[in-house]
Amino acid sequence: DTVFHPQTLPDLSNLLTMSGMMEYLGATSFGNHRSVLQFDFKESLPDLGPNELLIQVAYVELNPVDLQKLNAKPSQDVPNPPLIVGYGGSGTVLEVGSGLVNQRTDWVGQLVAFLCDARRPGAYATHVAVHVQSVAKIPFAISLEHAATVPLAGCTAYESLVKLQIQPSTPDQHRKLLIVGGSGGVGSWATLLARARYPHLEIICTAGSELSQNWCLRNGATRVVPHSSLVANLGGGRDGSVDYILCLSTPTKELANDMSELIRPYGHVCLVAPPKESL
Ligand SMILES: NC(=O)c1ccc[n+]([C@@H]2O[C@H](COP(=O)([O-])OP(=O)(O)OC[C@H]3O[C@@H](n4cnc5c(N)ncnc54)[C@H](OP(=O)(O)O)[C@@H]3O)[C@@H](O)[C@H]2O)c1
């Protein structure tokens, strides 16, 4: 029943052929993000792969992962400078790749949210080419601005839940998911998605302030506990107390010890952030 935005820009092909160029915010080298970003880059519109859409960017999200990428050293996965960062955003589809010609009228003019491929130029640009599988039409009730914030945090949460291989609760086995850092960007999506997908799952979130606790409960958490004293609050030991742990906080030795106490035999743990020290 979802209603999508009507095609709001009727003659987009004119817009496309008139300019033929895109502008972008590029990083001239790797290093401190404060000194390497420049606004004045211009180049031809990206070549479209067969299953890609050319999108005129309206909004891009700012994400710490962009800073991590800029601050990192060049690697095989990262194209040479000038590097365009920015993973998620929203905009209007202007053109389709050769493999999507039959779907042209479905896509051209649609308002969409998208997630860029980390190995390709990103979204801090006027235009971006994105694989059709990483693009979603925006439902009518959602603004372009809000939609731009969904793809990266939402897909990270979704992928984490898939990796946890959560089984539905049964009358004999009441399953529990612990989300460490449930009130943040990824944690909020993980709570909402887990609640929608597994109605009988017990979802326990860790949260700091009262505001965060209430937010987690509103998103569908069954219970909220403080970030610390997890074993004391939830119970640990040989049999553990939770079936799945989604850890969104950088694991310290203390948190790793707690998680190994909390997890039930054959349970699954997903670490989104790598540990900074050897555990
Ligand atoms: N956001 C994304 O799109 C994205 C994408 C890929 C990967 N990631 C990674 O996912 C992780 C979470 O990112 P995020 O954007 O969701 O973070 P965020 O929005 O900044 O949220 C941070 C969370 O950490 C919690 N927290 C604070 N102190 C804590 C502690 N001592 N122990 C446990 N949790 C604590 C906060 O809870 P309170 O405020 O309630 O204290 C809050 O829920 C990061 O490692 C990030 O690099 C994020």
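**Strand pairing, aromatic contacts and the nonpolar core**

Strands S4 and S5 (residues 111-115) pair in the antiparallel sense over five bridges. Strands here are DSSP E runs of at least two residues, helices are H or I runs of at least four, and both are numbered from the N terminus. Two strands count as paired if DSSP finds at least two bridges between them. The model is predicted: local features need pLDDT of at least 70, side-chain atom pairs count only at pLDDT 80 or more, and totals for chains, interfaces and linings use all residues. Residues are numbered from 1 along each chain as its sequence is written, and side-chain values use heavy atoms, with hydrogens and water left out.

S4 also pairs with strand S3 (residues 52-60). That pairing is antiparallel and has seven bridges. Ile 55 is bridged to Val 93 of S4. Nine of the nine residues of S4 (residues 88-96) are buried, so the strand is largely enclosed by the rest of the structure. Buried denotes under 20% relative accessible area, exposed over 50%, and partly exposed the range in between (1.4 Å probe, protein chains only).

The structure holds one aromatic pair. Tyr 24 and Phe 41 are stacked, at 5.2 Å centre to centre and 10° between the planes. Rings of Phe, Tyr and Trp (its six-membered ring) pair if their centres lie within 6.5 Å; planes under 30 degrees apart count as stacked, over 60 as edge-to-face and the rest as tilted. Tyr 24 belongs to strand S1 (residues 21-27) and Phe 41 to strand S2 (residues 37-44), 17 residues apart. Both residues are buried.

A charge also sits over a ring. Lys 137 lies over the face of Trp 107, at 5.0 Å from the ring centre. The criterion is NZ of Lys or CZ of Arg within 6 Å of the ring centre and within 35 degrees of the ring normal.

The largest nonpolar core has 18 residues. Such a core is a set of buried Ala, Val, Leu, Ile, Met, Phe, Trp, Tyr and Cys residues joined through side-chain atoms within 4.5 Å. Leu 164, Ile 166, Leu 177 and Leu 246 touch the most other members. Elements giving two or more residues include helix H6 (150-164), strand S8 (176-180) and strand S11 (242-247). H6 supplies the largest share, three residues.
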